[in-house]
Amino acid sequence: MPPDPEIFSLAQTVGERLRRQGLWLAVAESCTGGLLGAALTDVPGSSAYFLGGVISYADRVKVEQLQVPETTLRQYGAVSEQSAAAMATGVRQLLQADIGVSITGVAGPEAEGAKPVGLTFIGIAAPTLTTATHRFQWSGDRWDNRRRSVIAALELLVQTLGL
């Protein structure tokens, strides 16, 4: 199956900017289950700037692999700006990347307690900025929410990497 043209174009732009700046990227994904990593590796030559990632679907993986504090998960939940920030920082440190990006959210079809379907947080950790988190509220089905999360993460990376 060929890559989604919109996602592929964004992934190419991210890759060009990472390569030009000599930076390495790592990803931590929960609700997207590896779609961001797949989008990045659809671009030929991505091994020049993409280290890899962690699909941290279970909280245990967030804690053990990404060093998300258990207290953060208990107090705010896995779908929170605090968890997104910790995941981005954790994957950046784990894989010794210049930039770490994370996605955590409620893809659907059912809400998680008080957190509605489509609620998503994306975190970006880089040495030149305080870890930034961004909140989104998608309104699609499970597939569309995941797709839109990947697009948003790539767009945020394009912005972070500048011209």
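Select Asn-145 to begin: in this predicted model the residue is buried, with a relative accessible area of 2% (buried means under 20% relative accessible area, with a 1.4 Å probe and protein chains only). The model is predicted, so local features need pLDDT of at least 70 and side-chain atom pairs count only at pLDDT 80 or more, while totals for chains, interfaces and linings use all residues. Residues are numbered from 1 along each chain as its sequence is written, and side-chain values use heavy atoms, with hydrogens and water left out.

Now show what surrounds Asn-145, whose contacts (heavy atoms within 4.5 Å) include Val-106, Val-117 and Trp-138, not counting residues up to four places away in sequence. Gly-140 is also among the residues touched, and its backbone nitrogen is reached by the Asn-145 side chain at 3.0 Å.

Next, select helix α6, residues 142–161, in which Asn-145 lies (helices are DSSP runs of H or I with at least four residues, strands runs of E with at least two, numbered from the N terminus).

Finally, colour the open sheet, in which five strands follow the order β2-β1-β3-β4-β5 with mixed pairing (two strands pair if DSSP finds at least two bridges between them). The edges are held by β2 (50–55) and β5 (129–137), each with a single partner strand, so one side of each is left without a neighbour in the sheet. Within the sheet, β1 (residues 25–29) runs parallel to β3 (residues 99–105), and five bridges join them; Leu-25, for instance, has Ile-99 as its bridge partner in β3.

Note on methods:
Buried means under 20% relative accessible area, exposed over 50%, partly exposed in between (1.4 Å probe, protein chains only). A polar contact is a pair of N or O atoms within 3.5 Å; within protein, one must be able to donate a hydrogen and the other to accept it, and residues adjacent in sequence count only if both atoms are side-chain atoms.
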